Amino acid sequence: MDIRTNWTLSEIKNIYERPLLDLIYDAATVHRQNNAYAEVQVSSLISIKTGGCKEDCAYCPQAARYQTDIEVEPLMTVEKVRQRAETAKANGASRLCMGAAWREVRDNKDFDRVLEMVSEVNDMGLEVCCTLGMLTYEQAEKLKAAGCFAYNHNIDTSSDNYSNIISTRQFEDRIQTLDNVRKAKLSVCCGGIVGLGETDEDRIKMLHTLSTMEVHPDSVPINALVPVAGTPLQDNKKVQIDEMLRMIATARIIMPKSVVRLSAGRNEMSLAEQALCFMAGANSIFAGEKLLTTPNPDFDADRQMFNLLGLTPRKPFKESAPVNELTEIAS
Ligand code: SAM
Ligand code: DTB
Ligand code: SF4
């Protein structure tokens with residue numbers, strides 16, 4: 001199947017609005033044609049620097065300006081990260097994603113320590129992903145040289161809705177960082193959140209932005225908002241399973257070879273609901289009892305789910321380079 005980067009909004013809308021079972025069936029078909037559909041990538045998250053962030057992302061418990069329950073923690077030691085990586089590896093994770101509550105990366109001792117963490121974890125045979133906020137091209141190159149495999153930087157919502165959610169940076173800033181990441185030949189991980197109060201049109205526009213990037217993101221996390229007390233979105237309505245399914249299935253159809261990650265929100269989902277998400281084309285999860293600051297199913301629960309559904313965890317470095325760069329792009 002051709003990888004298209006010229007999707008129109010109306011094409012995506014037509015897919016997104018199909019009757020739900022037809023949409024899931026079509027997405028499952030695309031998934032089986034393009035991917036080893038029973039293989040699921042297992043990533044584990046570590047919050048290497050928690051809370052106290054200057055930004056005002058309305059969903060985020062780590063923004064300093066909101067009164068939330070999280071404990072602010074300075075940058076972790078390399079040794080602690082190594083221990084956490086060991087546990088993740090022993091539990092079948094192939095990727096370790098290190099998140100920092102930073103607006104942007106600064107060229108200082110903290111960044112040097114992150115580079116050390118990257119190199120240690122890479123030496124353990126795990127794919128390393130970082131999510132550290134905005135990044136220059138030179139910083140992206142340094143991460144790559146240290147052994148970083150992927151960089152996560154979400155657009156979160158549509159460009160139209162962006163300023164309702166975040167005022168301390170612009171949508172364009174995100175796109176600029178993503179360009180720097182792609183140019184440094186890091187695997188690009190970029191997706192968004194459902195449940196911020198956005199309309200279906202915003203969701204379709206967000207998927208349009210992702211699927212019309214010059215090269216599709218290699219992985220696309222679809223997060224359901226985890227409403228956290230103290231944040232402006234604490235009382236938002238719980239995301240329903242049909243909303244997640246429409247997002248995952250549409251993402252699968254328009255970005256057939258990207259890894260689509262069923263991300264935040266799994267703690268609130270039944271096994272049957274998650275099974276439908278895998279059927280609709282999700283082929284990655286975050287595993288381990290915590291995401292960054294909020295609860296997630298533990299490794300044991302996911303092992304049982306994989307056994308029951310006949311899923312297997314994907315081995316690290318299955319693709320030695322960003323998957324979408326290896327593919328011819330149809331115009
Ligand atoms: N500070 C960096 C940044 O913003 O890029 C990296 C860490 S930040 C916590 C990574 C992503 O987590 C955000 O872009 C957002 O998509 C997701 N996220 C944060 N809080 C969330 C929540 N309460 N529910 C769902 N997703 C959330
Ligand atoms: C992504 O898209 N989701 C992850 C990861 N990338 C960094 C983060 C989810 C965070 C959920 C809220 C929390 O645990 O703090
Ligand atoms: Fe800071 Fe990232 Fe949270 Fe925004 S999402 S407040 S940038 S940690």
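N296 belongs to the loop between β9 (284–287) and α11 (299–309). Such labels come from DSSP runs, numbered from the N terminus: helices are H or I runs of at least four residues, and strands are E runs of at least two. Is N296 buried or exposed? With a relative accessible area of 5%, N296 is buried, because buried means under 20% relative accessible area, exposed means over 50%, and partly exposed is in between (1.4 Å probe, protein chains only).

Before we go on, please keep in mind that this is a predicted model, in which local features need pLDDT of at least 70 and side-chain atom pairs count only at pLDDT 80 or more, while totals for chains, interfaces and linings use all residues. Residues are numbered from 1 along each chain as its sequence is written, chains are lettered from A and ligands numbered from 1 in the order in which they are written, and side-chain values use heavy atoms, with hydrogens and water left out.

P297 is also found in the loop between β9 and α11. P297 is buried, at 12% relative accessible area. Not counting residues up to four places away in sequence, P297 touches R266, N267, G288, E289 and D302. The C-alpha atoms of P297 and G192 are separated by 20 Å, and the two residues are 105 residues apart along the chain.

Now let us visit the inside of the protein. A nonpolar core is a set of buried Ala, Val, Leu, Ile, Met, Phe, Trp, Tyr and Cys residues joined through side-chain atoms within 4.5 Å. The largest one has 93 residues, and I48, Y59, C130, L132 and L143 have the most contacts inside it. Helix α9 (residues 241–254) gives this core its largest share, eight residues. Apart from this core lies another, of eight residues, among them C97, C129, A150 and L291. What does C130 touch, leaving aside its neighbours within four places in sequence? C130 is in contact with M98, V114, V118, L143, C148, A150, Y151 and N152.

Next comes ligand 3. Around it are C53, E55, C57, Y59, C60, A63, A101, W102 and R169, where a residue counts as near if one of its heavy atoms lies within 4 Å. This shell has seven nonpolar, no polar and two charged residues. In this scheme, Ala, Val, Leu, Ile, Met, Phe, Trp, Tyr, Cys and Pro count as nonpolar, Asp, Glu, Lys and Arg as charged, and the others, Gly among them, as polar.

Most residues other than glycine have a negative phi. D156, however, has a positive phi near 70°. D156 sits in the loop between β4 (150–152) and α6 (162–165) and is buried at 3% relative accessible area. K185 is not a glycine either, yet its phi is positive, at about 65°. K185 is in the loop between α7 (171–183) and β5 (187–189) and is partly exposed, at 48%.

Finally, look at helix α1 (residues 9–16), where N14 lies. N14 counts as exposed, at 54% relative accessibility. N14 and T250 are 236 residues apart in sequence, and 9.8 Å separates them in space, C-alpha to C-alpha.

Methods:
Contact = heavy atoms within 4.5 Å.
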